[in-house]
Amino acid sequence: MTILKSIGKKLLAALLSPFLLMFVLFAYNLFHQGVQSLSFSAIFNAYAIIYFIFAWPMYISLAIPAAFLIERIRFGFQWVYYMTAGVVAFVFIGVVNSAINRDRYLELGLGLGDVFFASMAGLAFYFSIKIIDRISRAITRRGNRTTVHHYLV
């Protein structure tokens, strides 16, 4: 796979990941809070729009380089590495935020919910890459079949 094609797939995954993450968190909330708390305004509100505005640059600037590093690792479970990269990116964002605000001390506030959210963000990127990879392979396979059929007839 060429580097340009790989960047394109990861860029598409970075654009798909916030939607996938929001769907997973929606399903999680639905499971824990039940259907009675479900409303259209609770799902699609101003916070969701703000989330997408801030999530896309973070996925593009942090997840794509991390994905290239993770691809070089050939052993173990890649999804664990993506979850770990999500937590590392969360810590990195906390350090940068602390430096920008010029705090005298670094306060990350890494609670269990933050670690869960950050690891789910990394996992959403992993699944986005896998979804786009399967779609790409299916299109390529279908295109090759058409090309071979064209030459045989």
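Trainee: Which residues lie nearest the centre of the largest pocket?
Mentor: This is a predicted model. Its largest pocket is lined by 30 residues. Nearest the centre lie Met58, Leu62, Ala89, Phe90 and Ile93.

Trainee: Which element gives the largest share of the lining of the largest pocket?
Mentor: Helix 3 (46-71), helix 4 and helix 5 each give two or more residues to that lining. The pocket they line has a volume of about 780 Å³. The largest share is 11 residues, and the element that gives them is helix 4.

Trainee: Trp79 is in helix 4 (residues 78-100). Is Trp79 buried, partly exposed or exposed?
Mentor: Buried means under 20% relative accessible area, and exposed means over 50%. Trp79 has 38% relative accessibility, so Trp79 counts as partly exposed.

Trainee: Which residues does Trp79 touch, leaving out those up to four places away in sequence?
Mentor: Start with Ser119, which is 40 residues from Trp79 in sequence. In space, their C-alpha atoms are 9.8 Å apart. The residues that Trp79 touches are Leu123 and Tyr126.

Trainee: Which element gives the largest share of the nonpolar patch?
Mentor: The patch lies on the surface and consists of Leu16, Phe19, Phe127, Ile131, Ile135 and Ile139. Together they have about 560 Å² of accessible area. Helix 1 (3-33) and helix 5 (112-152) each give two or more residues. The largest share, four residues, comes from helix 5.

Trainee: What is the relative accessible area of Leu16?
Mentor: Leu16 lies in helix 1 and belongs to the nonpolar patch. Leu16 is partly exposed, because its relative accessible area is 30%.

Technical notes. Residues are numbered from 1 along each chain as its sequence is written. This is a predicted model: local features need pLDDT of at least 70, side-chain atom pairs count only at pLDDT 80 or more; totals for chains, interfaces and linings use all residues. Side-chain values use heavy atoms; hydrogens and water are left out. Buried means under 20% relative accessible area, exposed over 50%, partly exposed in between (1.4 Å probe, protein chains only). Contact means heavy atoms within 4.5 Å. Patches are made of residues with over 30% relative accessible area and no salt bridge: like charges are joined within 9 Å, nonpolar side chains (Val, Leu, Ile, Met, Phe, Trp, Tyr) within 5 Å. Accessible areas come from the Shrake-Rupley method with a 1.4 Å probe; for residues, only the protein chains shown count as cover. A salt bridge is a side-chain nitrogen of Lys or Arg within 4 Å of a carboxyl oxygen of Asp or Glu. On a 1 Å grid over the protein atoms alone, a cavity is a set of points where a 1.4 Å probe fits but cannot get out, and a pocket is an open set with protein on both sides within 12 Å along at least five of seven lines; lining residues have an atom within 4 Å of a point. Grid points are joined across faces, edges and corners, and a volume is the space filled by probe spheres set on the points.
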